[in-house]
Amino acid sequence: MTHPIIFDTDPGVDDAQAIAIALAHPEIELLGMTTTYGNVDVSTATHNALLLAELADKSIPVAQGAAAPLVKPRHPAPAHIHGANGLGDIELPSLQGQAESRSAAQFIVDTINARPGEVSLVAVGPLGNLAAALQLDPTLVDKVKQVVVMGGSIREGGNVTPVAEANIFNDPHAAARVLTAGWPLVMVGLDVTHRCVLTPSHMARIEAGQGKLGQVLAGSYAFYRAFYQEMLGIDGCCPHDSCALAWLVKPELFTTHRGHLNVATEGEAEGQTIFAPENRGYIEPRWSQTPLADVCLGVDGDAVVEWITATLA
Ligand SMILES: [Ca+2]
């Protein structure tokens, strides 16, 4: 089965690897990329998305989107994790192509409406573009095939606050709209991405298999790896964004639970994702009133990392 997708992204080191997978995997048809601020400014995200496709000798439409959160002020981009250029501050080749004139949200609306019921939205950055697309065309909830979100955390705790994962924290108001919109949605969060560790030997296989793109992936990985070593004490990286594509193509490697999602938009728990399992009663019904969604809570991490590596080797 082939999966036509729109990839919504803020590249970003782990985004870059996921983009390489979306470009390479025979069962993924990459219809376009939409960009957002997050790991980098949106103009840098757009530049990197275009460049990564060029390095793979592919011509893929890229539409630029959100430059800032819907409501809250923007935090500075995390240059200590992804580098100021989003790709580990390695020297990058020059770019030939340019972005679409359409906005990311309009691109999402047009692309899904052109093939109703067929297109999956895979979102691996802050969720402003998906929120904006929903506002432009609320009927997307019935026309998208599925929405796969890399973001959030249920049991694992957060990575930018004690309870919040970065993509959700970056725009909790957008995330609240997207995660409760009532479209078919699966959340691939830290509960599973932290169980996947891509080691230097996996990366060596990827570098060898990806030509010019492999050099960029390997160079940026080296920078990202230093951060992981310092912060988490592991020799390797969690390939967060690639896990969303692993779910798309190999859902059998994950355990999902169905229930209701809510997002804390303000206060100490800002950006926390709250999961109420289906049919579970609580002292008040308020956590169980949002539409049902699926969340990944378990994964065969070794198999996911092997899938990533084999796709790119
Ligand atoms: Ca990302």
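D15 counts as buried, at 0% relative accessibility, where buried means under 20% relative accessible area, exposed means over 50% and partly exposed lies in between, computed with a 1.4 Å probe on protein chains only. D10 is likewise buried, with 0% relative accessibility. The structure shown above is a predicted model, in which local features need pLDDT of at least 70 and side-chain atom pairs count only at pLDDT 80 or more, while totals for chains, interfaces and linings use all residues. Residues are numbered from 1 along each chain as its sequence is written, and side-chain values use heavy atoms, with hydrogens and water left out.

**The calcium site**

Which protein atoms are donors of the calcium ion? They are D10 (OD), D15 (OD), D15 (OD), V124 (O) and D241 (OD), and they lie 2.3 to 2.6 Å from the ion. Donors here are N, O and S atoms within 2.8 Å of the metal, or 3.2 Å for Na, K and Ca, and since water is not among the atoms, sites may look incomplete. Along the chain, the donors of the calcium ion follow the spacing D-x4-D-x108-V-x116-D.

**The sheet**

According to an unreviewed UniProt entry, residues 5-305 carry the annotation "domain: Inosine/uridine-preferring nucleoside hydrolase", and such annotations may be inferred rather than shown by experiment. Over residues 5-305 the chain is 39% helix and 17% strand, and the end C-alpha atoms are 21 Å apart. Helices (H or I, at least four residues) and strands (E, at least two) are DSSP runs numbered from the N terminus.

Nine strands form an open sheet with mixed pairing, in the order 3-2-1-4-5-6-9-7-8. Its edge strands are strand 3 (62-64) and strand 8 (273-277), each of which pairs on one side only. From one strand to the next, the twist averages 30°, with axes taken as lines fitted to C-alpha atoms and angles running from 0 to 180 degrees between N-to-C directions.

| Strands | Sense | Bridges |
|---|---|---|
| Strand 1 (residues 3-9) and strand 2 (residues 28-35) | parallel | seven bridges |
| Strand 5 (residues 146-150) and strand 6 | parallel | four bridges |
| Strand 6 and strand 9 (residues 292-299) | parallel | two bridges |

Individual residues show how these strands line up: I6 has G32 in strand 2 as its bridge partner, M150 has V188 in strand 6, and V186 stands opposite D294 in strand 9. Strand 6 (residues 185-188) is covered on both faces, with L185 and M187 buried on one side and V186 and V188 buried on the other.

**Aromatic rings**

The structure holds three aromatic pairs. Rings of Phe, Tyr and Trp (its six-membered ring) pair if their centres lie within 6.5 Å, and planes under 30 degrees apart count as stacked, over 60 as edge-to-face and the rest as tilted. One of the pairs is Y224 and Y228, which is edge-to-face, at 5.0 Å centre to centre and 65° between the planes. Because Y224 and Y228 are four residues apart in helix 11 (residues 211-232), about one helical turn separates them. Y224 is buried at 4% relative accessibility, and Y228 is buried with a relative accessible area of 4%. The rings of Y282 and W287 have their centres 6.4 Å apart and their planes at 65°, so this pair is edge-to-face. Y282 is partly exposed at 34% relative accessibility, and W287 is partly exposed at 27%. Ring pairs also link Y224, F227 and Y228 into a cluster.

Methods
Pairing = 2+ DSSP bridges.
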